[in-house]
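Me: Hi! Could you walk me through the charged side-chain pairs in this one?
Reply: Happy to, let's look at it together.

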Amino acid sequence: YTMSEDTTDEKGSEQSGADPDGQRNTIQQLGRTLDEWRSKIDHLVVQLDLADLDVRDEIRRRLDTTQNVYLAARSRLSDARSDADTNLSSLRSGLEQLLRDLRDAYDAAEAVVRRSRQQH
């Protein structure tokens, strides 16, 4: 089973012309993007602490969703770092979808924070 898996990976790497440095750079770039999102999420956590009690539960729910998507993206990137034969285009497209989901979840949480500020 392992040999057939290795053979497939080797063929896939040869066909795609995999570049270890390019892969490493892509993974590092995606890691930096996720680090930026972590910072944004941390900022929302601070906003949650400052929010009125009546909207905290809604913000917390949306923030939990945001953090779960972030953790899924971080996990996928971590798996790619440990797998030298990662298919970069598959990794990139999967992470791009997760990043879109992350942006949507973050925007929804931030909208609740903004609404709560406008009410006061």
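Me: How many salt bridges does the count come to?
Reply: The count comes to six salt bridges. Keep in mind that this is a predicted model.

Me: OK, what do Asp-35 and Arg-74 do?
Reply: Their side chains form a salt bridge, with N to O at 2.6 Å. Asp-35 sits in helix H2 (residues 20-50) and Arg-74 in helix H3 (residues 53-82), so this pair ties together parts that are 39 residues apart in sequence.

Me: Is Asp-35 buried or partly exposed?
Reply: Asp-35 is partly exposed, at a relative accessible area of 45%.

Me: Switching to Asp-64, which side chain does it meet in a salt bridge?
Reply: That would be Arg-60, at 3.4 Å from N to O. Both residues belong to helix H3 and are four residues apart, about one turn of the helix.

Me: Where do Arg-114 and Glu-110 lie?
Reply: You'll find both in helix H4 (residues 88-118), four residues apart, or about one turn of the helix. Arg-114 is partly exposed at 42% relative accessible area, and Glu-110 is partly exposed at 26%.

Me: Last one: which residues are linked in a network?
Reply: Glu-58, Arg-62 and Arg-115 are joined by a network of salt bridges.

How values were computed:
Residues are numbered from 1 along each chain as its sequence is written. This is a predicted model: local features need pLDDT of at least 70, side-chain atom pairs count only at pLDDT 80 or more; totals for chains, interfaces and linings use all residues. Side-chain values use heavy atoms; hydrogens and water are left out. A salt bridge is a side-chain nitrogen of Lys or Arg within 4 Å of a carboxyl oxygen of Asp or Glu. Helices (H or I, at least four residues) and strands (E, at least two) are DSSP runs, numbered from the N terminus. Buried means under 20% relative accessible area, exposed over 50%, partly exposed in between (1.4 Å probe, protein chains only).
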